[in-house]
Number of protein chains: 2
Amino acid sequence: MGQSRPADQAGLRRGNLALLVRTLREHGALSRAQLAVRSGLSKATVSSLVTDLEARGLVHDAGVSAGGQGRPGQLVDLRPDSVCGVGLDVHVGHVGALVTDLSGEVLVHRKVVVDVPGIGPERALDQLALVANEAMAGLKNAIGVTVSVPGLVDTNAGTVPFSPRLRWRDVAVADGLAARTDLPLDQIVVENDANLGAMAELSTMDVSDLVYLTGDFGIGGGVVAGGRLVRGVGGFAGEIGHMAIDPLGPYCSCGRRGCWETQVGLGALLHACADPDDPIRDPALDLDQRMRMIRARAGAQDRRTLDALHQIGVALGLGVSYLVNLLNPSVVVLGGYFAALPEWLVEPIRNQVVAHVLAPGAGGAKVVGSRLGFTAATTGGALASLRRVLEDPTVVPVVQATEEEAPA
Amino acid sequence: MGQSRPADQAGLRRGNLALLVRTLREHGALSRAQLAVRSGLSKATVSSLVTDLEARGLVHDAGVSAGGQGRPGQLVDLRPDSVCGVGLDVHVGHVGALVTDLSGEVLVHRKVVVDVPGIGPERALDQLALVANEAMAGLKNAIGVTVSVPGLVDTNAGTVPFSPRLRWRDVAVADGLAARTDLPLDQIVVENDANLGAMAELSTMDVSDLVYLTGDFGIGGGVVAGGRLVRGVGGFAGEIGHMAIDPLGPYCSCGRRGCWETQVGLGALLHACADPDDPIRDPALDLDQRMRMIRARAGAQDRRTLDALHQIGVALGLGVSYLVNLLNPSVVVLGGYFAALPEWLVEPIRNQVVAHVLAPGAGGAKVVGSRLGFTAATTGGALASLRRVLEDPTVVPVVQATEEEAPA
């Protein structure tokens with residue numbers, strides 16, 4: 001009975017509301033007539049839809065168009081402050097939060113140094129809740145939060161079955177956060193960090209097929225194919241850091257041997273770059289600071305640093321060539337620490353990819369450093385929260401009458 | 001102006017026509033009232049849609065329902081012979097054709113032994129056209145043909161940029177076939193063999209995430225994620241046979257070293273199983289016959305054969321573990337020659353996958369032998385041709401008036 005499979009009128013209207021919101025987000029303020037032309041909808045339909053969006057507070061009048069061809073028209077624009085999205089972040093060395101408005105502008109960005117594997121999941125969730133409460137203080141219009149975690153995430157349950165890097169097993173993140181904050185459980189989504197990073201990168205470029213690599217002590221992957229995230233049946237896709245590239249190689253944090261991340265993770269770079277007493281290997285120092293030291297040495301042509309970067313680049317390139325043979329992406333985006341070192345990593349990666357990919361010229365795949373760097377996951381989290389509105393504006397309730405004050 | 005992005009009434013109707021065709025294909029004959037219940041559409045809409053499908057010759061009356069609850073109703077069913085789909089196949093050792101009706105029943109299956117790499121692309125296309133013409137002789141209702149080729153396929157152009165196994169470079173398959181047959185160019189699609197195999201396997205099981213491996217002298221992969229084929233930006237996804245598993249290993253047909261297919265292709269199995277003068281390694285013998293000999297020896301506990309199969313299984317399993325870490329599929333389907341040897345290959349593969357995949361229990365991934373075997377690609381090709389109708393029944397023209405004879 002009444003299954004959701006056939007397109008129905010309510011679904012059609014939701015889809016068209018979303019189309020108008022996306023059109024305004026891409027183009028900025030437009031008149032109803034311009035919206036009709038750009039969307040392919042009739043003027044009458046556009047007028048009705050705009051009235052609906054106004055009632056939800058998502059759009060407002062934005063002056064009169066300057067003219068051009070046709071009559072001047074009343075402009076409609078998104079209200080950027082009508083809703084905001086929140087991305088939270090649990091990582092090996094920190095917890096963080098990033099809040100953006102509907103236009104994507106960053107309103108709040110917080111990061112607190114926390115030894116997450118050291119303090120255990122309960123206290124890490126305490127810290128996460130603190131950061132979340134601080135970041136969201138005074139926000140009345142958050143549409144939801146998305147929590148980024150490195151490792152296996154069961155998105156339906158809001159849990160983390162296994163994260164070797166955090167040393168977490170079966171941690172109920174959504175429940176734990178709901179218990180520590182005023183956030184209702186149905187507005188908390190938990191997602192893998194590389195998946196969120198991939199979606200954040202995707203939003204900055206005009207491609208449909210993308211591979212995103214997180215670069216940290218562990219390595220993760222986010223795959224977008226045909227414009228959609230590849231999640232796998234249980235949501236566990238993208239665990240490329242644990243490809244057994246060298247099954248007799250060194251032990252990995254996951255307990256297995258020779259995983260790719262033992263070759264290309266931050267630990268491998270630091271080990272190759274410097275002796276144990278070198279400040280580059282001092283865990284007490286900030287990671288950004290250590291990256292700057294590596295950049296400075298490489299820039300000064302320090303042989304050991306250059307050799308280490310080349311070694312990492314070649315090992316990265318070999319694994320990336322597997323991904324490119326398998327997925328034929330337009331672009332491979334290097335995130336995390338890789339994004340701090342593109343001058344030295346991109347070329348050896350590209351050489352390996354061209355050498356090992358069957359499609360001529362690596363099937364056109366580009367290798368680029370992320371412009372979002374270490375904020376990709378929280379940016380993607382905020383965006384994922386906002387996407388609920390972009391896909392279905394009716395999740396925002398009708399809060400105001402359009403022609404007159406709402407009845408008390 | 002009038003872009004196709006917003007859902008419009010004509011698109012809605014096409015989608016609903018397709019919904020009824022798929023419903024009938026799954027359930028068999030139904031009354032209009034039953035179709036309304038199963039599809040969620042109104043009875044009036046269903047009646048109008050059925051009239052349309054009748055006019056296109058896709059459905060017909062199929063007697064009166066036996067009753068049950070409700071009034072007895074006139075049944076509607078697909079006319080299986082209303083259209084048929086054709087899959088053609090160019091492979092290393094043969095060209096072939098398979099024709100199915102709308103219900104998927106096989107009407108014609110032909111295979112001709114041809115040394116495709118030996119005779120070159122022009123003569124191979126001659127042979128393919130001969131087989132196609134024979135298979136389609138007397139068919140008035142073919143909705144199109146899909147040509148399966150192992151290697152890189154540019155589906156938009158209908159060309160094969162590179163197929164190491166066929167020794168083809170830049171072969172215009174669609175043009176070449178159109179020039180040699182009465183087939184119009186717009187009804188010829190060229191597609192990678194593993195992609196077609198994956199779609200054929202997908203149609204036999206209730207999953208959304210699947211990896212299909214072709215097993216032949218070369219190895220290819222077809223990936224389905226979230227119910228959709230992963231094609232990549234240029235259509236070159238799935239070239240897993242050329243993952244450089246052992247970059248210092250033996251040379252591959254592609255000119256590179258240590259590709260996965262040098263470890264797990266049919267050549268590696270035959271080499272490990274037997275000395276050069278063994279009939280198993282005689283290229284003049286039919287492949288099915290050689291497979292039966294290997295099965296017989298393994299069944300008789302021949303140590304060299306068992307060791308060879310174990311070696312192939314372990315090497316297969318390692319590469320499969322990369323795919324499972326990356327894609328988290330429900331099932332990995334072993335096609336081609338692997339499908340002839342599941343008793344000996346599945347267990348070592350599964351052991352490697354469980355050992356090397358981060359998600360507990362390999363994320364639930366099953367490893368199974370294909371039930372379609374070497375016919376997966378042509379079956380998938382016929383299905384791909386039929387899919388045009390299943391997605392948009394209006395590609396079949398209106399050929400008959402429903403209530404009276406069509407005007408002369």
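In the predicted model, chain A and chain B bury an area of about 4,800 Å² between them. Carbon and sulfur atoms account for 62% of this area. The contact involves 58 residues of chain A and 59 residues of chain B. On the side of chain A, the residues that lose the most area to chain B are A:Y322, A:L326 and A:L358, which together make up 16% of what that side buries.

Two of these residues, A:Y322 and A:L326, belong to the part of α10(A) that meets α10(B). Helix α10 spans residues 303–327 in chain A, and α10 of chain B likewise covers residues 303–327. The axes of the two helices come within 12 Å and cross at roughly 75°. Angles of 65 to 115 degrees count as roughly perpendicular, and α10(A) and α10(B) are therefore roughly perpendicular to each other. From α10(A), the contact is formed by A:Y322, A:L323, A:L326 and A:L327. These residues meet B:Y322, B:L323, B:L326 and B:L327 of α10(B). By class, the contact of α10(A) with α10(B) comprises eight nonpolar residues, with no polar and no charged ones.

Within chain A, α10(A) also packs against helix α9 (residues 287–299). The axes of α9(A) and α10(A) come within 8 Å, with a crossing angle of roughly 110°. This pair is therefore roughly perpendicular as well. The residues in contact are A:I294, A:R297 and A:A298 from α9(A), and A:T305, A:L306 and A:L309 from α10(A). Four of the residues in the contact of α9(A) with α10(A) are nonpolar, one is polar and one is charged.

A further partner of α10(A) is helix α11 of chain A, which runs over residues 342–356. The axes of α10(A) and α11(A) lie 7 Å apart, and the angle between them is about 40°. The two helices are therefore oblique to each other. Their crossing is right-handed. In the contact of α10(A) with α11(A), 13 residues are nonpolar, seven are polar and none is charged.

Chain A also contains an open sheet of three strands in the order β8-β9-β10, paired antiparallel. Strands β8 (152–154) and β10 (168–172) of chain A stand at the edges; each has a single partner strand, so one side of each lacks a neighbour in the sheet. From one strand to the next, the twist averages 10°. Strand β9 of chain A comprises residues 159–163, and two bridges join β8(A) to β9(A) in antiparallel fashion. Across this pairing, A:L152 stands opposite A:F162 of β9(A). Helix α5 of chain A, formed by residues 173–180, lies across β9 and β10 of the sheet. The angle between α5(A) and β10(A) is about 50°.

In chain B, an open sheet of three strands has the order β1-β3-β2, with antiparallel pairing. Its edge strands are β1 (30–31) and β2 (59–64) of chain B, each of which pairs on one side only. Strand β3 of chain B covers residues 74–78. Two bridges connect β1(B) with β3(B), and these strands run antiparallel. Within this pairing, B:S31 has B:L75 in β3(B) as its bridge partner.

Conventions:
Residues are numbered from 1 along each chain as its sequence is written. Chains are lettered from A and ligands numbered from 1 in the order in which they are written. This is a predicted model: local features need pLDDT of at least 70, side-chain atom pairs count only at pLDDT 80 or more; totals for chains, interfaces and linings use all residues. Side-chain values use heavy atoms; hydrogens and water are left out. Axes are lines fitted to C-alpha atoms, for helices over the stretch in contact, and angles run from 0 to 180 degrees between N-to-C directions. Helices (H or I, at least four residues) and strands (E, at least two) are DSSP runs, numbered from the N terminus. Angles under 35 degrees count as roughly parallel, over 145 as roughly antiparallel, 65 to 115 as roughly perpendicular and the rest as oblique. A crossing is left-handed if the near helix is turned anticlockwise from the far one by less than a right angle, and right-handed if clockwise. Ala, Val, Leu, Ile, Met, Phe, Trp, Tyr, Cys and Pro count as nonpolar, Asp, Glu, Lys and Arg as charged, and the others, Gly among them, as polar. Two strands pair if DSSP finds at least two bridges between them. Contact means heavy atoms within 4.5 Å. Buried area is the accessible area (1.4 Å probe) that two parts lose on being put together, summed over both.
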